[in-house]
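Subject: Structure for your files

Hello,

Here is the structure I promised to pass on. My notes on it follow below the entry.

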Amino acid sequence: GNVGPAVGDTLLAADDPVTIVSHDPAKADEWETKGARVAIADILDVRALTDIFCAGTRAFLLNPPAAPDSDTNAHERRTVEAMLTAAEGSGLEKLVAESTYGAQPGDRCGDLNTLWELERGLAEQPIPFAVNRGAYYFSNWAANLEEVREKGVLRTMFDADFELPMVAPEDLGKHAAALMTDDRTGVFFAEGPRRYTVQDVANAFAAALDRTVRVETIPREQWVPAFKAIGFSSPAAESYARMTEATVDGPAFPDNPVCGEVRLEDYISALVVREVEVA
């Protein structure tokens, strides 16, 4: 619902032929109105997915997040395998995959592991490919909006002064669309116009909502219970807590990423406006 649509919109704006692959028939009208073809398929239906890939020339692969009340790692490994298997006999000339900063081998560390396995799978097959490794999504902060508006509290697992590469989904979509239409291969890192602290996020909410906002950091020993409290299964809660730990303690960030244009302040301001319009 974030990066995928941005890829589609960018390609359509350039008059490129686009097929949107979705499991939800309700999305068909919107995309067909925009000029896209829509193919409905379950991602685990390898035969259907292969048939769709055979009708195209290049494919953007985004592993959908599993429902948090499931065993997310197990499910996301299945969907990675299904996409890679479907691509094998497709005849596609290039694959572009969405991945994440910090992708690494291992187990029970959320997207960091499953998207690493997607990257490794791409490296082991013959079709040329590019990987779009995205920084922390601005859109992740949307889940905090209600509490920030009502209580003036930005509750997070990061310290207020923790600096983190972040990026707008729109910028990730634009970069992935560029990789879809050129001949570059390899791994690319994409983030916003600058790096931000969690305090910067609180300040952006404060400006957009015209109220004081303070950062409240959840202690590390409470991360697993915090995920369970919002509906995560035990395996998923443990996996996401380990992913958060890897992010806080984790790898050095790239020196020369592709930098997008959307500022955090503008994204948060637009998020607040959209929520008001919906309400």
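The structure holds 19 salt bridges, a salt bridge being a side-chain nitrogen of Lys or Arg within 4 Å of a carboxyl oxygen of Asp or Glu. Before the details, two points on how to read the values. This is a predicted model, in which local features need pLDDT of at least 70 and side-chain atom pairs count only at pLDDT 80 or more, while totals for chains, interfaces and linings use all residues. Residues are numbered from 1 along each chain as its sequence is written, and side-chain values use heavy atoms, with hydrogens and water left out.

Salt bridges

One of the salt bridges joins E30 and K34, with 3.6 Å between the closest N and O atoms. The two residues are four apart in helix 2 (residues 28-34), so about one helical turn separates them. Helices and strands here are DSSP runs numbered from the N terminus (helices: H or I, at least four residues; strands: E, at least two). E30 is partly exposed at 45% relative accessible area, and K34 is partly exposed at 37%. For these labels, buried means under 20% relative accessible area, exposed means over 50%, and partly exposed is in between (1.4 Å probe, protein chains only).

K94 forms a salt bridge with D182, and their closest N and O atoms are 3.4 Å apart. Because K94 lies in strand 4 and D182 in the loop between helix 7 (169-181) and strand 10 (186-191), this pair ties together parts that are 88 residues apart in sequence. K94 is buried, with a relative accessible area of 3%, whereas D182 is partly exposed at 22%.

In the salt bridge between E245 and R220, the closest N and O atoms are 3.2 Å apart. E245 belongs to helix 10 (residues 234-249) and R220 to the loop between strand 12 (214-217) and helix 9 (223-229), so the pair ties together parts that are 25 residues apart in sequence. Both ends are partly exposed: E245 has a relative accessible area of 33%, and R220 has 37%.

There is also a network of salt bridges, which links E147, R155, R214 and E216.

The sheet

K94 comes up again in the sheet, where K94 of strand 4 is the bridge partner of R58. Strand 3 and strand 4 (residues 94-100) pair in the parallel sense over four bridges; two strands count as paired if DSSP finds at least two bridges between them. They belong to an open sheet of five strands with parallel pairing, in the order 3-4-5-10-13. Its edge strands are strand 3 (58-61) and strand 13 (258-259), each of which pairs on one side only. As a reminder, strands of a sheet pair through backbone hydrogen bonds, either parallel or antiparallel.

Aromatic rings

Searching the whole structure gives ten aromatic pairs. Rings of Phe, Tyr and Trp (its six-membered ring) pair if their centres lie within 6.5 Å; planes under 30 degrees apart count as stacked, over 60 as edge-to-face and the rest as tilted. Among the pairs is a tilted one between Y136 and W141, at 5.7 Å centre to centre and 55 degrees between the planes. Y136 is partly exposed at 26% relative accessible area, whereas W141 is buried at 2%. The pair of F232 and Y240 is edge-to-face, because the ring centres are 5.0 Å apart and the planes are at 70 degrees. F232 is buried at 15% relative accessible area, and Y240 is buried at 17%. Ring pairs also link Y136, W141, F158 and F162 into a cluster.

The charged end of R120 is over the ring of W116, 4.6 Å from its centre. R274 lies over the face of Y267, 5.8 Å from the ring centre.

Cysteines and S22

How many disulfides does a search of the whole structure find? The search finds zero, with a disulfide defined as a pair of cysteine sulfur atoms within 2.5 Å. C109 is buried at 8% relative accessible area, and C259 is partly exposed at 48%.

S22, in strand 1 (residues 19-22), is buried with a relative accessible area of 8%. Apart from neighbours within four places in sequence, S22 is in contact (heavy atoms within 4.5 Å) with K27, A39, I40 and A41.

Regards

Note on methods: A charge sits over a ring if NZ of Lys or CZ of Arg is within 6 Å of the ring centre and within 35 degrees of the ring normal.
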